[in-house]
Amino acid sequence: MQDFIYSDELCFRNININVPVNYEQISDGSLVIYAREVVHKSNIDKNLPWLVYLQGGPGFAAPRPEANSGWLKTALKYYRVLLLDQRGTGASSAISHQTLATKSFQQQAEYLTHFRADNIVRDAEQLRQHLGIKQWALLGQSFGGFCALHYLSFYPQSLSRVFITGGIPSITATADEVYQATYKRVADKNKAFFKRFAGAQQQCNAIAEYLSNNQTYLPNGQLFTVEQFQTWGITLGGAGGDLAMYYALESAFVDVEGQQRLSYTFLNTMLNQQSYQTNPIYAILHEAIYCQQQASDWSAERVRHQYPQYQYQTGKDLSFTGEMVYPWMFDQMTCLQPLREAAHLLAQKNDWPQLYCAQQLANNTVPVAAAVYVEDMYVEYRYSCETLALLTNAKSWQTNQYEHNGLRVDGEHILEQLIALADNI
């Protein structure tokens, strides 16, 4: 490991290890796994316990802290923090359409099967052993909470405490059941958005009508469609997302010699919302995070047909979709097109390993403290409650004060709450 880098109140150290792509077949190659150790300057020489941060996603790197603030400020009072770039993200052998370009689509699909929560946790275990740490705590946000439940299911002896924010999944629900629930949550968010902002529905309808009648291209040269516009609704699941959308709608059109056209500013905003382009794991494996011994078979697309409001028709009100992935994305989105065949293969994969062990969770002895958001658009509240009822040695703070991104908005307070909860388990 390199020496610490000092920055204001914080000290950083980079950690890199090599791990197998496939833990069952070591000869299949290796990956670099990167993590950043963070410690407060005042604690640099103290023997503090460790806390591993598991990022939401899947397919996104750990945060790059710029200051001693938010949840990190609270964590650094009590822990040395390890910010883990999950395999395939950030500095951990990042996956993109560029890095997969030399593989056949069969090779792409096989390679990508190794980037779910089970192997993310195996990588964390390799890091723990590399650092000589007997036990450490976890903080799992969103999908990071899914990873934490896998950790509790298969490696509980390595954990001292677990904190989860907006990330308690069902351990039995199929992808279809998950989307049937979350489509209803998205409908609620649509209703609230259009009720709050006068004129927003008319503006969204006008944009959809324009896209239906005019070939319109994003700044990367990609044809922009109504379906892509609808996916902007993913923003409605976070605090402040609705206001940001409303402001963007204000400048959607620009007058060009007496004709209304979608503005470059608006189109650039739409491109920047398509994180699937830069983080393809998010698109390719999103449905697979719900799969245990069954295929997703493009679940969100199939379930969508049960909700007519999401099928845009000219003259009808437009509804946004949410955190769903669709097969047409791999036809329309420039950086996903090279991964189309691999995505279809993975959608048909029906032998995904089990992610959770109900018996182990029922016998859990590790203190678990969870923030559960009652109006969460991404992680169904009812399913979180069902899992918590099974999970022994756990306490939850259930609140409608925050949206799914509560940890980002008020992380200092939320983590303090969870630490206090864990202290009383």
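Which residues is Ala422 in contact with, leaving aside its neighbours within four places in sequence? The first legend answers this for a predicted model, in which local features need pLDDT of at least 70, side-chain atom pairs count only at pLDDT 80 or more, and totals for chains, interfaces and linings use all residues. Residues are numbered from 1 along each chain as its sequence is written, and side-chain values use heavy atoms, with hydrogens and water left out.

**View 1. Ala422 and its surroundings.** Beyond the neighbours within four places in sequence, Ala422 touches Arg161, Phe163, Pro367 and Ala369, where contact means heavy atoms within 4.5 Å. Ala422 belongs to helix α16 (residues 406–423); helices (H or I, at least four residues) and strands (E, at least two) are DSSP runs, numbered from the N terminus. With a relative accessible area of 3%, Ala422 is buried (under 20% relative accessible area; exposed is over 50% and partly exposed in between, with a 1.4 Å probe and protein chains only). Ser396 is 26 residues away from Ala422 in sequence, and their C-alpha atoms are 9.5 Å apart.

**View 2. The open sheet.** Here you can follow nine strands in the order β1-β2-β3-β5-β4-β6-β7-β12-β13, with mixed pairing; two strands pair if DSSP finds at least two bridges between them. At the edges stand β1 (5–7) and β13 (394–399), each with a single partner strand, so one side of each has no neighbour in the sheet. On average, neighbouring strands of this sheet are turned by 20 degrees against each other, direction ignored (axes are lines fitted to C-alpha atoms, for helices over the stretch in contact, and angles run from 0 to 180 degrees between N-to-C directions).

**View 3. β4 beside β6, with helix α1.** Four bridges link β4 (residues 50–54) and β6 (residues 136–141) in the parallel sense. Look for Val52, whose bridge partner in β6 is Leu138. Helix α1 (residues 70–78) packs on the sheet and touches β2 (10–20), β3 (30–40), β4, β5 (80–84) and β6. The direction of α1 makes about 135 degrees with that of β5.

**View 4. β12, α15 and β13.** The parallel strands β12 and β13 are joined by six bridges, and Ala370 has Ser396 as its bridge partner in β13. From β12 the chain crosses through α15 to β13 in a right-handed β-α-β crossover: with the strands pointing away from the viewer, the path from the first strand over the helix to the second runs clockwise.
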